[in-house]
Amino acid sequence: MKRAALLTLVVLIAASALAQRKQLTLETIYDPTTKVYFSGAVQSGFDWLDDSTFIWPKRDAKGKLVEWERFDVKSGSVQPFFDHAALAHALEQAGVSADQAASASKSTSLQFDAKKSAVVIEVAGDLFLYSIAKQNATRLTSTPAAEELPAFSPDGKWVAFVRGNNLYTIDLATAHERQITTDGSSTILNGNLDWVYEEEVYGRGTKLGFWWSPDSSRIAFLRTDEAGVPVYPNVDQVAYHPVAEPQFYPKAGDPNPHVRLFVAPAGGGAVATVDNERYTAGDFLIVRVAWTKDGKALTYQVQNREQTWLDLDQVEPSGGTPKTLIHETTKAWVEPLDEPAWLDDGSFVWRSERSGFAHLYHY
């Protein structure tokens, strides 16, 4: 009797599974209205507020922002995170045109502070600070040159950005601006990744080349020198009238951009140089940069151009000669690895390229 009941249950389950099977078509994969989100509807762009809530920019079928939503994973409730109409109004009050304010308020790439209480926004070539609670906007910059890549410090008291390929910081309490570098030019990029590092190393769309220390006192940044890199006559074909956009583009055998790593005080002052002279005999890449959990040291990864070896190095914030924590080699191409996850006792977890597994390293 039990076997018969079990057999009946198996048949019912199998029949149900067959009934739920559907043919996989191009429409179920790509159609904006009928596609199936096999990895879940919330796929990217979300940011955790705490252990049970996160925010996410909900888009329509054309990819335009519908609403910034707040999700509570315990209750399943969803509600607007903030009023983008209030943001647009605040920007208008701060001197931004209505069209520009409306467009900025519906951006899917807003830069929030760590507490998600404030937003720094690029509008009309300048930066504005918006308080979500107070619903007011404050102009941070007012220059003919455009500001790029704004990023809050971890404590939310500073904003760093790039202007004219130089790195700057703003003390939000005083609105005082400080220039960290002065040699930025068409061939010298400070804190702003070039094509090679954006496209081939850090990932397409990743332009930010500076990293705040956990205590917000310092910024590590890359300085990229394009001198010697051939220029490719690129043309933007997307525009209605094509626009010439010459691009530094090294083909196989051409010189790569030369990069150096520096550490600067957030409030200005002497910039410390990380000594990588031992790598200058070859063409090397700095492929990942991250601070230790306590902010007392900076870690970064170095590879040769062929990417057949990788060093995980550590250096003091004051600069100087780094120490190699791990050296890995392979006969094949090596994917840049994730930053080490530092633990409270000073040890760290790091994925090994050779084994594919994460290992605990005591340092």
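This is a predicted model: local features need pLDDT of at least 70, side-chain atom pairs count only at pLDDT 80 or more; totals for chains, interfaces and linings use all residues.
Residues are numbered from 1 along each chain as its sequence is written, and side-chain values use heavy atoms, with hydrogens and water left out.

**The whole chain**

Next, colour by pLDDT, the predictor's confidence in each residue, from 0 to 100. The protein chain averages 86, and 88% of the residues score at least 70. Select residues 1-18: here the pLDDT is below 50, and beyond near neighbours in sequence this stretch has zero contacts in the model. A contact means heavy atoms within 4.5 Å.

Show the surface of the protein chain. The accessible surface comes to about 20400 Å², and 53% of that belongs to carbon and sulfur atoms; such areas come from the Shrake-Rupley method with a 1.4 Å probe, and for residues only the protein chains shown count as cover. Of the 363 residues, 39% count as buried. Buried means under 20% relative accessible area, exposed over 50%, and partly exposed in between (1.4 Å probe, protein chains only).

**Helices H3 and H4**

Select residues 84-93, helix H3, and residues 98-105, helix H4. They pack at an angle of about 145 degrees with their axes 8 Å apart. The axes are lines fitted to C-alpha atoms, for helices over the stretch in contact, and angles run from 0 to 180 degrees between N-to-C directions. To see the contact, show the side chains of His84, Leu87, Ala88, Leu91 and Glu92 on H3, and of Ala98, Ala101, Ala102, Ala104 and Ser105 on H4.

**Helix H5**

Move to residues 195-202, helix H5, whose buried residues are Val196, Tyr197, Glu198, Val201 and Tyr202. Their cover includes strand S14 (210-212), strand S15 (218-225), strand S20 (258-265) and strand S22 (284-291). After H5 comes glycine 203, with a positive phi near 115 degrees.

**Asparagine 276**

Select asparagine 276, in the loop between strand S21 (272-273) and S22. Is this residue buried or exposed? Asparagine 276 counts as buried because its relative accessible area is 7%. Leaving aside neighbours within four places in sequence, asparagine 276 is in contact with Phe284, Ile286, Tyr300, Asp313 and Pro322.

Go to aspartate 126 in strand S7, residues 126-131. With a relative accessible area of 8%, aspartate 126 is buried. Besides Thr141, the contacts of aspartate 126 outside four places in sequence include Ile121, Arg139, Ser142, Thr143 and Glu147.

Alanine 124 sits in the loop between strand S6 (118-123) and S7. At 54% relative accessibility, alanine 124 counts as exposed. Its phi is positive, near 55 degrees. Most residues other than glycine have a negative phi.

**Alanine 175**

For the last stop, select alanine 175, in the loop between strand S11 (166-171) and strand S12 (176-179). Alanine 175 also has a positive phi, near 60 degrees.

How values were computed:
Helices (H or I, at least four residues) and strands (E, at least two) are DSSP runs, numbered from the N terminus.
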